[in-house]
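This briefing is intended for a reader who has the sequence and coordinates at hand. Please consult the structure shown here alongside the points that follow.

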Amino acid sequence: MRSRPVSRLTLATAATALALLIPLTPAAAAAVDPASSPAERDAAWAPRPARFAGTVTRTDLRIPMDDGVVLRGDLTLPADAAGKPVDRRFPVVITITAYNKQAMGGAGGLAGPGGEYLVRRGYAQLTVDARGTGASEGVWGAFSRREARDAGQVVAWAHSRKRPWSNGRIGMTGPSYMGISQLFAASRRPPGLKAIFPQVPAADVYRDVVASGGQIDVGFIPLWLGLVTGTGLVPPADGVQHPESAIGHLVDRLMTATTFTAPLLGDAVLGGQPAYDGPFYRERSPIEVIDRVDVPTFLIAGQDDLFQRGTPMVFDALSRRGVPTKMIVGPWDHLQGSSGAEVGDAGYGDLAELQLRWFDRYVQGRPDRTLDADIPALTYYEQGSDRWVRRGRWLARDLRPRTLALSGSATPGLAPGRLVTPGVVDAGRTVVPPVPVSGLCTRSANQWTAGILQQVWPDSPCLRDQRFNDLTGVVFETAPLKKRLRIQGPINARLFTSTPSGDGMWSVTVSDVAPDGTVDPLTGGWQVVSHRALVRSRSRYLEGRLVQPWHPFTRRARQPLADGAVAPVDVEVFPTGAAIRPGHRLRVSIQAFDVPHLLPPVPDLPGTLLPLTIHTTPQRPSIVILPTR
């Protein structure tokens, strides 16, 4: 089992993170103060010291949109020793949030690290509530075309010479929702936007998080929708002085809950159109507009993040087009990746220092001749070796596809099947029972609740060892490896499947099994059998081998299996970076549920309560394809 870094987000900070899933306590913010420099410093570049004594904030600036709706933003400016704002034009860093800038109150968790570090070094920070959230007017429509238009207009407003505090040069920061907002803003190509720094953003909201594999996310999505609705009920800062504004604010929030949040969740659970991919999710997926993003982009990603799949896809799409792009992928869940407290472990400075370097170079245009030499395009944490790997691409040129075949029959909770070289497969049939508690004691349960389990119970054995959960399904594993096996990127598990119900879901986990039997999960994937249709033109291949399948997930493409039929089901196992050491085994665990992460829509529930069967024969080879070096 690898020695996985312990999160610096402590239990003391978890209470606040749980309260709103947003800010850290002031004590925790101080504990990860970005002004403290790491011990190791690149000789060619060092962070500039603070130029200004402090900061001062103006609240609820009015930012009118082209349809008359007014958004509200808080502006933080450098201040002198007397606490007065410095009368000067500064480059502006913008953050657009749906979590209520007033409730965010500073830094940490889903709010990110805050802006004081940059402001004291000569930037202005503008934090804006998205339409229909916080103090802003209107009705919330998460990542809608209207919200993307708003984001571009916020940048244009801050760029205008009418703002006496702005020099017209704009950058953007923020994690999660705020990271996604940056991508949509950049796709509008507003004047003045020079660079962005998204942490843990999505690419395809349907496949990344809403319905991974075709079932509905019931771990994070209800929590997230409730979070935005709940923080939206906090009255604006001027609510006491202007009660009529507070009343209008409350009406807008109730409209959001009754016309967007509740109907969306209800329709998905009942098997309505939100349970399927289509125009609603295409409009809200940054990958659909990523070809319009052309500003330098620095990405932070997490191997246990909600957007484990999506952020690397954003990196790939930008890199292919030659946009200056960098990505650091750490061993982080969503709260950890959002806080950025451990980014310094990659060896390039902490998060605030990286933002300063990126914005100094691309927003201000300061020379930085060693930036690309110091920080390669891709840096990722390699599970199993506890080292940081530096590469130029996500699917790197030195990777080769390695195929392992499932061999023989496995018995749930008792006898494993084998993972072998294709061509020496023993025929077998493995029945996987539906166990509706599969997934409860796994790192998946932490990942798909955004990291709450890690915060509440950091020593939980469920985060360290998956052997107990593996008893609820079947496993196939290699013999002990004779030499190290390195994996980098997405994985495909092709399972020849039959089922008496015509449907069901595969939950597949790739794990590292230590000599003492500890099962360390590396990554996972999911696939509903009736959504097995494969679009080859949108799938990814490595030397002709399928490593990342793409399924339509539309109502039209859905096709239950006929009684007695056997068909291949390609399971997209989300990307990872890992090293399996000599003496360890590579394991593929397969279950029929992943709770509390995914559940089927109510009409499909009966079809998931019958067993699934995996077929392993030379004619029907169930296999796993890994990108390896």
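The structure is a predicted model. The chain holds 17 helices and 25 strands, and 62% of its 629 residues count as buried. Among contacts in the chain with a separation of 6 or more, 78% join residues 24 or more positions apart.

**Surface**

- The chain has an accessible surface of about 22,500 Å².
- Carbon and sulfur atoms account for 56% of that surface.

**Helix α5**

- Helix α5 covers residues 145-159, which amounts to 15 residues.
- The distance from the first C-alpha of α5 to its last is 21 Å, close to the 21 Å expected at 1.5 Å a residue.
- The buried residues of α5 are E147, A148, D150, A151, G152, Q153, V154, V155, W157 and A158.

**Backbone geometry in loops**

- The peptide bond between V595 and P596 is cis, with omega at about 10°.
- P596 is placed in the loop that runs between β22 (585-591) and β23 (598-599).
- R189 is not a glycine, yet its phi is positive, at about 50°.
- R189 belongs to the loop between α6 (177-187) and β6 (193-199), and with a relative accessible area of 41% R189 is partly exposed.
- D386 likewise has a positive phi, about 55°, although it is not a glycine.
- The loop between β10 (378-382) and β11 (387-391) contains D386, which counts as partly exposed because its relative accessibility is 35%.

**Buried polar residues in strands**

- T379 lies in strand β10 and counts as buried because its relative accessibility is 0%.
- The side chains of T379 and Y348 make a polar contact of 2.7 Å.
- Leaving aside residues up to four places away in sequence, T379 touches M327, I328, V329, A346, Y348, W388, V389 and R390.
- D129 is located in strand β4, residues 124-129, and D129 is buried, with a relative accessible area of 0%.
- A polar atom of the D129 side chain lies 2.7 Å from the backbone nitrogen of K101.
- Beyond four places in sequence, D129 touches L71, R72, T97, N100, K101, G134, A135 and S136.

- I623 is part of strand β25, which spans residues 623-628.
- The relative accessible area of I623 is 15%, so this residue is buried, the cut-off being under 20%.
- I623 and L404 are separated by 219 residues in sequence, while their C-alpha atoms are 5.6 Å apart in space.
- Not counting residues up to four places away in sequence, the residues touched by I623 are T403, L404, A405, L406, N492, A493 and R494.

**Second largest pocket**

- The second largest pocket holds about 360 Å³ of space.
- Its lining comprises 19 residues, and I287, M313, A317, R320 and R538 lie nearest its centre.
- Helix α11 (residues 310-320) supplies the largest share of the lining of this pocket, with four residues.

**Cavities**

- Nine cavities of 30 Å³ or more are found in a search of the whole structure.
- The largest cavity contains about 300 Å³ of space.
- Of the 24 residues that line the largest cavity, V205, V209, V210, I221 and W224 lie nearest its centre.
- Two or more lining residues of the largest cavity come from each of α6, α7 (205-210), β7 (216-217), α8 (221-232), α9 (243-269) and α10 (279-283).
- Helix α9 gives four residues, the largest share of the lining of the largest cavity.

Key: Residues are numbered from 1 along each chain as its sequence is written. This is a predicted model: local features need pLDDT of at least 70, side-chain atom pairs count only at pLDDT 80 or more; totals for chains, interfaces and linings use all residues. Side-chain values use heavy atoms; hydrogens and water are left out. The expected span of a helix is 1.5 Å times one less than its number of residues. Buried means under 20% relative accessible area, exposed over 50%, partly exposed in between (1.4 Å probe, protein chains only). A polar contact is a pair of N or O atoms within 3.5 Å; within protein, one must be able to donate a hydrogen and the other to accept it, and residues adjacent in sequence count only if both atoms are side-chain atoms. Contact means heavy atoms within 4.5 Å. Accessible areas come from the Shrake-Rupley method with a 1.4 Å probe; for residues, only the protein chains shown count as cover. On a 1 Å grid over the protein atoms alone, a cavity is a set of points where a 1.4 Å probe fits but cannot get out, and a pocket is an open set with protein on both sides within 12 Å along at least five of seven lines; lining residues have an atom within 4 Å of a point. Grid points are joined across faces, edges and corners, and a volume is the space filled by probe spheres set on the points.
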